[in-house]
Amino acid sequence: MAKIRRAEKNDESFLKNLEEKCFPASRQASSSSLKRSMSSHHQSVLILETDEGVPVGSAVVFKFKKTWRIYSISILPEFQRLGLGRFIMEKIIEKAKECGVHRISLEADHNNKKLIAWYKGFGLSKVKILK
């Protein structure tokens, strides 16, 4: 179906394009932020590829000792609703469990009921509303 790999330097333009296609300007990661994430020992930038090796999505995960924070998950619009977001989310949760991490955190706009319901489908629950 798909495969996941760590982002490499040559993925920078894909990641920037993905940010532009998936997020409003006010929520896009900058190129420098993406570069820092890719070089950090405490973060993983993952690339989701089709079986043919075409990059179609990404995830940025901050890895703390007891908690992994999913900073972002994004799938190119033309590849959404094909189960690829579910695929990468399940792999992140699976890997966290393998590493002994039992808490995953993330943020979602409280008005985005569809996204919140999607996260709840993975067993995640709302802890608090940030202001």
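Arg69 and Glu107 form a salt bridge, their closest N and O atoms being 3.2 Å apart; the term means a side-chain nitrogen of Lys or Arg within 4 Å of a carboxyl oxygen of Asp or Glu. Arg69 sits in strand E4 and Glu107 in the loop between E5 and H4, so this pair ties together parts that are 38 residues apart in sequence. Arg69 counts as buried at 19% relative accessibility, where buried means under 20% relative accessible area, exposed over 50%, and partly exposed in between (1.4 Å probe, protein chains only).

Before we go on, a word about what you are looking at. This is a predicted model, in which local features need pLDDT of at least 70 and side-chain atom pairs count only at pLDDT 80 or more, while totals for chains, interfaces and linings use all residues. Residues are numbered from 1 along each chain as its sequence is written, and side-chain values use heavy atoms, with hydrogens and water left out.

How many salt bridges does a search of the whole structure find? The search finds 8. Another one joins Asp11 to Arg5, with the closest N and O atoms 2.8 Å apart. Asp11 is buried, at 4% relative accessibility, whereas Arg5 is partly exposed, at 24%. These two residues and Glu49 are linked in a network of salt bridges. Lys9 and Glu12 also meet through their side chains, at 3.5 Å from N to O, and Lys9 counts as exposed at 65% relative accessibility.

Now step back to the whole fold. The protein has 4 helices and 5 strands, which are DSSP runs numbered from the N terminus (helices: H or I, at least four residues; strands: E, at least two). Along the sequence they follow the pattern β-α-α-β-β-β-α-β-α. The C-alpha trace spans about 35 × 30 × 30 Å along its principal axes, and 37% of the 131 residues count as buried.

The strands build an open sheet of 5, in the order E1-E2-E3-E4-E5 and with mixed pairing; two strands pair if DSSP finds at least two bridges between them. E1 and E5 are the edge strands, each pairing on one side only. Strands of a sheet pair through backbone hydrogen bonds, either parallel or antiparallel. E1 and E2 run antiparallel and are joined by 5 bridges; Arg6, for instance, has Leu46 in E2 as its bridge partner.

Which helix packs on the sheet, touching E1, E2, E3, E4 and E5? The answer is H3, whose direction makes about 165 degrees with that of E4. Such angles run from 0 to 180 degrees between N-to-C directions, with axes fitted as lines to C-alpha atoms, for helices over the stretch in contact. The buried residues of H3 include Phe87, Ile88, Ile92 and Ala96. Just after H3, Gly100 takes a positive phi of about 80 degrees.

Finally, visit helix H2 (residues 31-39), where Ser37 lies. Ser37 is buried, with a relative accessible area of 7%. Leaving aside neighbours within four places in sequence, Ser37 is in contact with Gln43, Val45 and Val60.

Terms used: Contact = heavy atoms within 4.5 Å.
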